[in-house]
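Here is a short walk through one protein chain. Keep the sequence and the 3D view side by side as you read.

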Amino acid sequence: MTTFVDYPNPYRPPGSDPSGPVAALTASLAQVEAALAAGDVACVMAEPILADGGMVVPPPGFLRGLEQLCHRYDTLLVCDEVKVGLGRPGMLHAYQLDGATPDLICFGKVLGGGLPLSAAVGPAQILDGPSAAALLTTAGNPICSAVGRAVLRVLQEEELPERARRAGERLRAGLAHLGNERIGDIRGHGLAIGVDLVVDRDSKEPDGQLAAATVYRAFELGVVVYYVGGNVLEVTPPLIISDEEVDRAVDILGRAIDDAAAGKVPADVVAAYAGW
Ligand SMILES: Cc1ncc(COP(=O)(O)O)c(C=O)c1O
């Protein structure tokens with residue numbers, strides 16, 4: 001059985017509590033503790049930044065809070081770094097952002113540099129337990145494994161986490177400089193960036209249609225972004241993006257949001273591509 005709990009969202013915390021992010025954090029950790037206290041839990045899994053759920057950066061202390069709870073209830077903490085790990089967050093691992101140490105980590109996507117490769121990394125006393133669990137058809141493919149080793153080497157030799165950190169700062173600063181009223185929140189670390197599109201900044205009401213139309217218009221103008229969590233542009237470019245490309249992307253995204261907000265993208269055209 002899997003129990004899902006609310007991910008703490010500082011931009012849209014529960015209720016109207018003025019302590020916002022702290023309240024969101026406390027509420028989520030309380031839900032986790034209730035699940036742990038109720039019984040026999042094998043592990044707690046979390047993304048250090050919630051990617052597909054809307055590029056949500058949790059308040060500081062979230063992962064550390066989970067780590068403490070896992071220790072208290074003798075449970076494993078598993079970090080899913082498949083999407084935002086391995087350099088993208090401006091560090092090698094996203095869990096480092098909160099100073100926590102998981103028992104197990106999952107890697108994918110980046111690790112294979114485009115080839116199918118994923119990995120679960122952890123101590124032998126855990127991973128040696130289920131002896132036949134990794135005997136899948138394509139597991140251990142030698143070409144993909146060699147690519148994985150090369151990816152890890154290049155990430156470190158070319159200092160790509162640091163490069164992502166700098167490029168991400170430039171991107172977020174550029175997006176903030178647009179001053180676009182339909183951008184409610186710009187968040188993220190390194191090159192894991194979310195742009196939360198809203199009806200207006202006061203209500204913070206998510207504008208999913210605007211997000212879909214913006215993605216379509218940005219594609220027409222030359223930038224590929226997706227939207228996650230219904231209304232959040234997911235800006236996750238390659239870690240080797242140049243300053244010039246960052247500036248061009250910011251310019252195009254600004255134009256795409258303006259054009260979409262001005263109704264220049266027909267809804268029926270976008271509808272065929274929407275649905276993520
Ligand atoms: C955070 C996260 N974890 C895991 C997965 C699944 O990875 P895989 O396709 O390698 O099973 C995804 C896929 O999008 C993801 O975004």
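Predicted model: local features only at pLDDT ≥ 70, side-chain atom pairs only at ≥ 80, totals over all residues.

Start with the overall division. Domain 1 gives 16 residues to the contact, and domain 2 gives 19 residues. Look at the side of domain 1 that touches domain 2. Its residues comprise 10 nonpolar, four polar and two charged.

Now turn to the ligand. Around the ligand stand Glu-47, Ala-51, Asp-52, Asp-80, Val-82, Lys-83, Gly-108 and Ser-118. Sorted by class, this shell holds four charged, two polar and two nonpolar residues.

Next come the backbone angles. Most residues other than glycine have a negative phi. Which residues have a positive value here? Met-55 is one of them, with phi near 50°. Find Met-55 in the loop that runs between strand 1 (43-46) and helix 2 (62-72). Is Met-55 buried or exposed? Met-55 is buried, because 27 other C-beta atoms lie within 10 Å, and 20 or more is the cut-off.

Leu-86 also has a positive phi, near 50°, and is not a glycine. Leu-86 sits in the loop between strand 2 (76-80) and strand 3 (104-107). Leu-86 has 25 C-beta neighbours inside 10 Å, so Leu-86 counts as buried.

Key:
Residues numbered from 1 in each chain as written. Contact = placed C-beta atoms within 7 Å. Nonpolar A, V, L, I, M, F, W, Y, C, P; charged D, E, K, R; others polar. Near = placed C-beta within 6 Å. Helix = DSSP H or I, 4+ residues; strand = E, 2+ residues; numbered from the N terminus. Buried ≥ 20, exposed ≤ 12 C-beta atoms within 10 Å, placed from the backbone.
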